[in-house]
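User: I am new to this structure. Could you show me how to read some of its features?

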Amino acid sequence: MTAPDATNPGPRAADLLGWYDRHRRILPWRALPGERPDPYRVWLSEVMLQQTTIAAVKPYFHRFLERFPAIDALAEAPEEAVMSAWAGLGYYSRARNLHACAKAVAAAGRFPDTADGLRRLPGIGAYTAGAIAAIAFDRPEAAVDGNVERVMTRLFAVETPLPASRPEIRRLTQTLVPADRPGDFAQGLMDLGATICTPKRPVCALCPWMAPCRARSLGLQETFPHKVRAVKGTLRRGAAFVVLRSGDEAVLLRTRPAGGLLGAMAEPPMSSWEPDYDSAQALLDAPIDARWKRLPGLVRHGFTHFPLELTVFQARVGLGTAAPAGMRFTPRRDLDEEPLPGLMKKILAHAFDPRPETTKPPRGRPRQEPAPVPLLAAAEPPPDAPPHEPSFRPVPKPRSEPRPAADRSAAEPDFEIADEVSDQPVPPRAASRPRATGRRPRTARR
């Protein structure tokens with residue numbers, strides 16, 4: 001890291017705040033200028049945004065507020081309702097910690113207004129505590145997320161690779177936090193990393209800290225931050241069993257254990273996930289005796305520490321079939337109410353619309369992908385649906401009038417080629433002139 005000198009005094013918070021005042025993003029959890037931030041919205045958004053993009057969080061944030069408009073409503077809700085509202089955001093331990101934190105805050109009557117007090121709540125780490133303290137309570141705290149790490153490593157040319165450089169990055173960020181408007185500074189720094197100081201091709205010419213940026217002066221801005229290459233985990237395999245009940249199209253589900261990966265979430269019954277799992281013996285793990293059908297293809301999913309491949313088996317059972325102990329049948333129309341994570345939705349989508357894997361890409365022009373089938377849509381179309389009508393009406397091809405055989409020239413072929421369809425009438429063809437006897441043959445034109 002290069003230290004500031006007389007010709008390059010280093011970054012100033014005022015320059016970032018001036019840029020933020022002109023270019024701040026409008027986000028559903030962000031207070032407008034002059035408004036007082038709502039700690040509940042700030043906390044909820046910061047927890048949701050961990051390991052997730054803003055585009056993915058926005059619809060969940062709106063739906064979550066509709067179901068739990070205040071922290072008391074969230075604290076009083078059953079855990080199943082919270083997990084169902086969270087389903088699809090991933091990292092499900094966050095949802096359990098969110099519920100526990102809401103209960104603790106509701107019992108205390110308010111959020112703590114310092115970073116140290118916030119750190120004592122379930123699920124709130126150093127970054128989240130700093131972000132809430134700065135944004136919601138205007139405390140001069142550093143909030144260092146992935147975007148801020150990228151900005152700071154470029155700004156100061158931090159050579160130490162991540163994650164070992166995080167203490168240094170936090171110290172450098174804290175030295176820049178102003179006593180005035182620390183919340184706007186924290187949000188401005190996040191916006192700068194998200195819109196200007198991007199991972200690839202940063203727009204340095206528009207950056208308020210272009211001049212003091214050490215990495216830019218060296219022409220190495222795209223090489224920061226340095227990272228230790230992550231070691232990819234060992235591939236695990238398993239089997240999933242989708243049971244459909246005839247009559248109401250209910251699906252057999254169960255709830256995963258509260259602790260561990262995807263804890264307290266819903267799933268179709270499945271085997272353990274092992275590197276050496278043998279799918280040929282998978283039916284030994286089936287939840288019930290039935291006529292199982294192995295579906296073509298695999299369901300693939302990537303977790304943080306390992307990739308997963310699942311073979312899916314499907315079976316149909318009678319309407320009177322009872323669910324095994326610890327399991328339940330959920331009608332297909334009610335699956336939206338189940339806390340199904342992304343992996344389980346993939347499994348059910350594959351069972352409802354199985355597609356074999358393609359070993360080679362098709363040759364020629366790529367075919368347009370069909371519209372995806374809704375995951376939880378009803379299996380049959382509504383009975384009052386109008387019949388499909390073609391979007392065009394074929395036009396019959398005009399037929400040429402037959403001519404007498406005597407009118408045909410000997411040089412003409414014994415079939416006809418249809419002319420291009422036209423709005424103008426086609427004039428009748430003139431009859432060929434009969435040849436005179438004894439006429440001399442034609443010679444080539446000169």
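This is a predicted model: local features need pLDDT of at least 70, side-chain atom pairs count only at pLDDT 80 or more; totals for chains, interfaces and linings use all residues.

User: How many helices and strands does the protein have?

Analyst: There are 13 helices and 7 strands. Of the 446 residues, 39% are buried. The accessible surface is about 27800 Å², and carbon and sulfur atoms hold 53% of that.

User: Which residues are buried in helix 13?

Analyst: Start with the general idea. An α-helix has 3.6 residues a turn, so residues three or four places apart point the same way. Now the case here. Helix 13 spans residues 342-352, and its buried residues are Leu 343, Met 344, Ile 347, Leu 348, His 350 and Ala 351. They sit on the same side of helix 13, because they cover an arc of only 160° around the axis.

User: What covers the buried residues of helix 13?

Analyst: The cover includes strand 1 (236-245), strand 2 (250-255), strand 3 (266-267), strand 5 (299-302) and strand 6 (307-317).

User: Now the single residue. Where does Asp 145 lie?

Analyst: Asp 145 is in the loop between helix 8 (126-137) and helix 9 (146-156). Leaving out residues up to four places away in sequence, Asp 145 touches Tyr 127 and Met 190.

User: What is the nearest side chain of opposite charge to Asp 145?

Analyst: A salt bridge needs the charged atoms within 4 Å. Arg 25 is the nearest side chain of opposite charge, at 7.4 Å. Asp 145 is buried yet has no salt bridge.

User: Which backbone nitrogens does the side chain of Asp 145 reach?

Analyst: The side chain of Asp 145 lies 3.2 Å from the backbone nitrogen of Asn 147. A polar atom of that side chain is 2.9 Å from the backbone nitrogen of Val 148.

Definitions and conventions: Residues are numbered from 1 along each chain as its sequence is written. Side-chain values use heavy atoms; hydrogens and water are left out. Helices (H or I, at least four residues) and strands (E, at least two) are DSSP runs, numbered from the N terminus. Buried means under 20% relative accessible area, exposed over 50%, partly exposed in between (1.4 Å probe, protein chains only). Lys and Arg count as positive and Asp and Glu as negative; His and the chain ends are not counted. A polar contact is a pair of N or O atoms within 3.5 Å; within protein, one must be able to donate a hydrogen and the other to accept it, and residues adjacent in sequence count only if both atoms are side-chain atoms. Contact means heavy atoms within 4.5 Å. The arc is that of the directions from the helix axis to the C-beta atoms. Accessible areas come from the Shrake-Rupley method with a 1.4 Å probe; for residues, only the protein chains shown count as cover.
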